[in-house]
Structure formats: C-alpha cells, structure tokens
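Notebook open, viewer up. I'm jotting down what I looked up, one topic at a time.

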Amino acid sequence: MIKLVATDIDGTLIRESSSVLPEEIFDLIRELRKRDIYFAAASGRQYMGLKRLFAPVADQMLFISENGSNVVWKDEELYASVIDPNLIKEMQEYAKHFPNMHLTLSTTKAMHSTGSDDLSYRKMMVDGYQNDMVFDDDEDGTKLKVIKMSLYCESGIRPYAKEIEDYWQGRLNTVVAGAPWIDFMKPGTDKGAALQFVQQYFQIKKEETLAFGDNHNDLGMILAAGEGCAVSTARTAVKEAAKHIVGSYEEKGVIKALQELLKKQK
C-alpha cells in the first residue's frame, strides 16, 4: 500500500524550466490526499517557485526543494540544510574561473544570482522557474543563510562536470541536476536524505513510498523508495537503480502511473 508519492519535476513531470504542469496532476493530488496518500514535489527548484507552480493544490502537498536542502509542509519549514559560509566564499571565487556560467545562492526566502545583465537568463529564472530572485554580481554570500549553490551553463554543464566534481569532492555534495545545471549541497544532503526525513516524520515505510526521477540528483530518492521509477528518457544510472520504467513527460508517464496507482488502491 503506497502512502507517499514523490516526483522530480524538470525532465520527469514537465520539460526543463517549463512553468506549465499537465492539468491532470491537480485532480490526482487532490484524490491522493483524500486517500491519505502524501504527494511531494522533489526538485532542484526553489520552494516559492514550486509553490506557484502547484498553486491550486499547494496547501495539500509536501515540497522537497533545492535538491533536498529544504522540506516544507503547509507553509511550515520542517527541515533546512545550511552550507558553511567559508565554502560559499570559496565558491564565489571559484565561479569566476567560468565566465560562461552563472552562480546562484539559494536561501529559504530567495535565490541570489550573478547574471544581472543577461536578460534571457533573468527571464528564464523569473518566468520559467518562477523563482523569487535577487540579481547581484558583487553580493557577499557569506551574509546569507545558503542551503544550495548552483552553476548554470547555457551550452551544457557536462563538459565541465568532472572537473567541478573533483574540485569539491568531500566538501560538498555535487550533482548534475539537468543539462545546464550542477548543484552543490551540504554533505549528506540530497533528495534521498530528504525523502527519508519525510518518511520518518510521517512514519511511512520505504516499501510504502513511490518515487519518480530522471537525473543523477534523483538517484538517492529512487533508492530511498520501495517503488523507484525512472522515466524512459532518464540517465542510464537512474534506470539501473529504478525498479520500474515509465513513459517520459511527453508521454505523461508519471500521470499515467499515478492514475494506475489510484485504480489499484481503491
């Protein structure tokens, strides 16, 4: 019997940076709650952006945002993982070695970012991801309560990923979170750890948990769920870790899987 459903958003439920959800998801979330099944949006996105995305049902669901750095239920912050200010200072200097990238510093209130003059980037962050943004190329990040840092490369992050991961190994949890993104969290922080926190908080077992994902930042979550599902377009490692494969977001794979779940658990 499934009691908790968690799904990644970008690349799993919808296209990367899209601001539109499939209409079916809202009624599905309402029906899940009627049956005492919790639904969690588990994303690298910011909490406020996710709350806007799921506005019609935001009061009925969990938010695992910033790749597991923040957990919110009914506007109550249940968990936040804060990064050492010394690492933030070092990251701001390190990011200057990549002039083709933008650095973001996420707090529980807003996302602070370089890229003040890049209009297409600003539009994507505000209109696409629906974030609360502060654009300041010279901000002192050590004065912020940062829960996640990210580097964005429009042409794709993968050519730089290994170099970046090697540099921060052991000091930050570093994960590729989509074609243009690489994210940095406090060691031990990821979607899997956040999902386990939710399981413990609501006293839900691993085998009572269903999760969907597509990228490396979803691996921990897939492994923390008894019923881990990868979409058909997922990275190979995610497919190998998953128990099931469902259709891509274009095929509404998550939607169909939830519809099937509700049929089985009448």
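I started with the outward side of helix 1: the face turned away from its buried side carries Asp27 and Lys34, both exposed. For my own bookkeeping, buried means under 20% relative accessible area, exposed over 50%, and partly exposed in between, with a 1.4 Å probe and protein chains only. Helices (H or I, at least four residues) and strands (E, at least two) are DSSP runs numbered from the N terminus.

I note that this is a predicted model, where local features need pLDDT of at least 70, side-chain atom pairs count only at pLDDT 80 or more, and totals for chains, interfaces and linings use all residues. Residues are numbered from 1 along each chain as its sequence is written, and side-chain values use heavy atoms, with hydrogens and water left out.

Which residues of helix 1 are buried? Within residues 24-34 I found Ile25, Phe26, Leu28, Ile29, Leu32 and Arg33. Seen down the axis of helix 1, these buried residues fall within an arc of 165 degrees (taken from the directions from the helix axis to the C-beta atoms), so they line one face of the helix. An α-helix has 3.6 residues a turn, so residues three or four places apart point the same way.

Next I checked what the buried residues of helix 1 pack against: strand 2 (38-42), helix 2 (47-53), strand 4 (70-73) and helix 9 (253-264). Contact here means heavy atoms within 4.5 Å.

Lys74 has its charged end over the ring of Trp73, 4.8 Å from the centre. The rule is NZ of Lys or CZ of Arg within 6 Å of the ring centre and within 35 degrees of the ring normal. Tyr38 and Trp73 also belong to one aromatic cluster with Tyr79, Phe197, Tyr201 and Phe202.

How many aromatic pairs does the structure hold? I get 19. Rings of Phe, Tyr and Trp (its six-membered ring) pair if their centres lie within 6.5 Å; planes under 30 degrees apart count as stacked, over 60 as edge-to-face, and the rest as tilted. Phe54 and Phe63 have ring centres 6.4 Å apart and planes at 70 degrees, so I log that pair as edge-to-face. Tyr152 and Trp181 make a tilted pair, 4.9 Å centre to centre with 55 degrees between the planes. Tyr152 sits in strand 9 (148-153) and Trp181 in strand 11 (181-185), so this pair ties together parts 29 residues apart in sequence. Tyr152 and Trp181 are both buried.

Eight strands form an open sheet with mixed pairing, in the order 5-4-3-2-1-12-13-14. Two strands pair if DSSP finds at least two bridges between them. The edges are strand 5 (76-80) and strand 14 (244-246), each pairing on one side only.

Strand 1 (4-7) is covered on both faces: Leu4 and Ala6 on one side, Val5 and Thr7 on the other, are all buried. Strand 1 pairs with strand 2 in the parallel sense over four bridges, and the bridge partner of Leu4 in strand 2 is Tyr38.
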